[in-house]
Amino acid sequence: MPVVESVTCPVCGTFCDDIELVIENNRIIEAKNACAMGAAKFLNYSDHRIKTPLIRKNGELVEATMDEAIEKAAQILVDAHYPILYGWSNTCCEAQRVGVALAEEVGGVMDNTATVCHGPSIMGVQDAGIPGATLGQLRHRADLIVYWASNPWDAHPRHAERYSMFSEGRFEKSTWTQYLSRLRGDMSKKKIQRASNLVLKHDFCFDYCKEQNEGLPCTMYQNKRRTIVVDVRRTRTADSADCFIQVEPGKDYELLQALRVLVNDGELDVDEVAGVPKDTIEELADVLVNCKMGVIFFGLGLTMSKGKHRNIDAAINLTRDLNGRTKFLIMPMRGHYNVTGANIVTTWQTGYPFGVDLSNGYPRYNPGETTANDILRRGEADAMLVIASDPVAHFPKSSSQSIAKIPLISIDPEVTPTTMLADVILPPSFAGIETEGTAYRMDHVPLPLKKVVEPPKGFISDQEILRRILQKVKELKKREMD
Amino acid sequence: MTELIIKNGFVYDPLNQIDGEKMDICIRDGKIVKSVKDTADSIDASGKIVFPGGVDIHSHIAGGEVDTARLLRPEDHYKDVESKTSLTRSGVGFSIPSTFTTGYRYSKMGYTTVMNPSMAPLTARHTHEELSDTPMLDTATYPLLGDWWFSLEHIRDGLLKENAAHIAWMLKATKGYAIKVVNPGGLEAWGFGHNVHGLDDQVPNFGITPREIIRGLVKVNTMLNLPHSIHLHTNNLGQPGNYMTALETMKSVEDLAIENKPIMHVTHIQFCAFKGEDWKGFCSGAEEISNYVNNHNHVTLDVGQVVFSSTTTMTADGPFQYGLYHLTGNKWANHDVETETSGGIVPFRYKRSSAVHATQWSIGLEISLLIKDPYKILMTTDHPNGGPFTAYPEVMTWLISKSARDKMLAKINKRARKKSLLNTIDRELSLYELAIVTRAGQAKALGLKQKGHLGIGADADVAIFNINPEINDPAKEFEASKAAFRQTAYTIKGGEIVAKEGEIVKSIFGKTYWVDAKTSMPLQVNDDIKRKFKEYWTIEFDNYPLREGFLHSPSPVNVKAVI
């Protein structure tokens, strides 16, 4: 049975490229090295796919040919004055490039999932810059890793083993064995706790958050890779770290700024910030400043809590200030495997990364005005094309109610809440499994998406569907003018 | 079979020693030919000058660094927009235009070939994706190899043939054109936040010096017989007193010079010609640099001319860019690339009133005019570091017109004006020399044999300008010259008229050149190599090279290596 090696995984921003797939009769039967999410996609992607294009007629979705569906989609876009073309993060750059051309041709708004995810990170970067790097720099050199408001154990399962504390670099070694020792220690503690609860007949609890009150663990001062997790609750990632700092919800900004004060040789004149005692913050600042090379990986806990892009601004400024004392970098943990690509492609073609309004014939960017949710909630969009995304499941209810009122085109291989509202559904072949292409990892490294199996007969790629819609749009517009 | 004849223009074709001769240029199927049939399409170029299409040896237009800068600076774009037309895509400027706008704007000025000078090999796909969305131009890009771990280790261990095989592989894998070196040793040091400050500093963790890196790569370049020399951004860029580093760098390879072509191209020399102990005592090292280059033939330079404008600095010189952040307080983006290079972006504004900026402006022009052989000092602004490429017409008038220079000189900082050598320089480049510094010399330095000239067999890339040397004095009437250089009467690319009087009349996409250096012992890709790649990078070996068919219009330049 053929084994395809070096396959890139089309799921999350970790974008692992060492997956090995075992193929039998044009089916993937085994996915080696993949995490649970990757394996689920490679093994089950075809189980619930939509089998033909569909068009809603008299309230019911009925089967149609690809040509009919494309004609209907093109007509919807041509008739619209202010359509939104949204999604883009789960498909390849080749499709995204056609997407911008289509949005420009129909005078619509080109927006992608960053608008509800790391859009604030991008806005923070636009204000403050960003000291960044590719993931390999961190694997080789970082002796201090901070996951702030991010839980890779759930969302980016192989991140730590490929790029951070459990990875092996030229200058820094993996801390996998230390983690296993700690795990054994934790399990012993749990057994003792359980035993003593039974014997002593009262609750005996180890204080998990001793770092808050008793200072950072001594491993934080050892000469090897160390990991800190800052989060509002103790996650599995926190369990695997050397040190966990619990921050009060909505107070990350204060904690980041407090650290900045200390890094810049100031003093804190309060006893605690964001639920963390001043002494602990001072120790934390010392650890940050004294590392050889550190990195902050951050997630939606910062982008989607109170402060949004201001939180990112603070985190970037902290990192930047740390560069006056040591080497420090920062990286957003991008979710979808090609949301980075969506931002990059949109930026090189229009100058702006998301929320690009092309309705005046030239690119305009004003988050809050030209971003999908804001347009929908003002009821200003009169059509929508959704590709490689499921906004109806994830947007605020008021946005989805707005989507329900307008003609909706969905380019999606599977049934989702978005497709259930759609007027036209165009199921494509799966990028990265049935079609090749290009996608960008969270650190902006572009890698090839592979084709490992043939799509079902008649299924074409996202980029081909979009090309045909664009061509049809041009034909229809010409017909109208004549 | 499309034929075109350009009639009666004043032709400037320095590589074929044609200096303003009134003659016809004949084109068939995208090439310059001896003659065409009477039925050929014709352009009446009487009263106009005819230049080969412009060639730009160093302009940051595509790739990770450029796109991060575009994203970083929405404020750079807001006031400079291009609307969609039936032929052209919409876009934005100003100092980091979107890709379509980049192509259209270059074409309107008569440029037909642009080289993207900096590509992190790991992100080569990105550079090539953007180049393929840059219309109107033939392009190429240079991979950054000066701090590549393989280069550092091979050179340290004296394994130059190994390094040559690796670099030949790398040029093919990333579809690159030349060996780019930036602050050699400094970028690796920046991985831990350090830098190097002299040619004989030790690069931490690698036991090698910048001098050894430079010499090693010059030797490898000669072994591989590459069409361009190594393309070098020196150590200590942007530091007062660094003209000494530039001199030392050029001297460091004198003994490696070969007969027929230069072995080192020092890029944006203006940023490396600073004299003085600090910013207060800052002055021009142009005279020393020019004297050296006038007496040596193993180097070529490009200027990196400063223009008084707001712009964006972006280089692979991570530590330098960090320093610039401290100097300006502007937002700073950094991007270190594993195993290979670094990079930084900082917005910047050059002001007439600043003694330092005004001196920088003067330095660029001093070098351009004091170096006697125009083939040695090519015109660039290191777009966008010294200024946007849309400022080229203004720079061109400063080169050809003392009055134009004097006009600006009168407006700059008083101290800079007093010290400027421009007070004593009367030289004005002729149109012939201008054609050298903007096309002929650029193509020659690059080894692009079919570019930069209008001889038989050349690519039919032509720029026709509304300047009549019989009636107008381009130096005296420099404002009219500037307007003429801003938009061609005609831009012809591959034999087709693509721009006319400032409008794009045909949207086309060009080719991407890359060098296929055939060695007698190419890199054997065995399990050892694959394992090493996996140790060095976070990606699999198989996913590193660009797959065949990734480039839309690749144009390999085949060379036979000496080894």
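This passage describes the fold of two protein chains and then several local sites in a predicted model. Residues are numbered from 1 along each chain as its sequence is written, and chains are lettered from A in the order in which they are written. In this predicted model, local features need pLDDT of at least 70 and side-chain atom pairs count only at pLDDT 80 or more, while totals for chains, interfaces and linings use all residues; side-chain values use heavy atoms, without hydrogens and water.

Chain A holds 20 helices and 22 strands. Helices (H or I, at least four residues) and strands (E, at least two) are DSSP runs, numbered from the N terminus. The C-alpha trace of chain A spans about 80 × 55 × 50 Å along its principal axes. Of its 482 residues, 62% are buried. Buried means under 20% relative accessible area, exposed over 50%, and partly exposed in between (1.4 Å probe, protein chains only). Contact means heavy atoms within 4.5 Å. Among contacts in chain A between residues at least 6 apart in sequence, 68% join residues at least 24 apart.

Charges were also counted in chain A. There are 56 positive and 63 negative side chains, with the centres of the two sets 3 Å apart. Lys and Arg count as positive and Asp and Glu as negative; His and the chain ends are not counted. Each charge is placed at NZ of Lys, CZ of Arg, CG of Asp or CD of Glu.

One site in chain A is A:His156. This residue lies in the loop between helix H6 (152-155) and helix H7 (159-163). A:His156 is buried, at 5% relative accessible area. Leaving out residues up to four places away in sequence, A:His156 touches A:Cys12, A:Gly13, A:Thr14, A:Met333, A:Arg334, A:Gly335 and A:Met442.

Chain B contains 17 helices and 26 strands. Its radius of gyration is 22 Å, close to the 24 Å given by the globule rule for 563 residues, so chain B is as compact as a globular protein of that length. The C-alpha atoms fill a box of roughly 65 × 60 × 50 Å along the principal axes. In chain B, 68% of the 563 residues count as buried. Residues 24 or more positions apart account for 77% of the contacts with a separation of 6 or more. The mean positions of the 61 positive and 65 negative charges are 3 Å apart.

Helix H1 of chain B covers residues 64-72. Eight of its nine residues are buried, so the helix is largely enclosed by the rest of the structure. Among them are B:Val66, B:Arg70 and B:Leu72.

B:Asp44 is found in strand E4 (residues 41-44). With 48% relative accessibility, B:Asp44 is partly exposed. Its side chain joins that of B:Ser46 in a polar contact of 2.3 Å. A polar contact is a pair of N or O atoms within 3.5 Å; within protein, one must be able to donate a hydrogen and the other to accept it, and residues adjacent in sequence count only if both atoms are side-chain atoms.

B:Asn242 sits in the loop between strand E12 (230-233) and helix H8 (243-251). B:Asn242 is buried, at 3% relative accessible area. Its side chain reaches the backbone oxygen of B:Asn236 at 2.9 Å.

Notes: Rg over C-alpha atoms; globule rule 2.2 N^0.38 Å.
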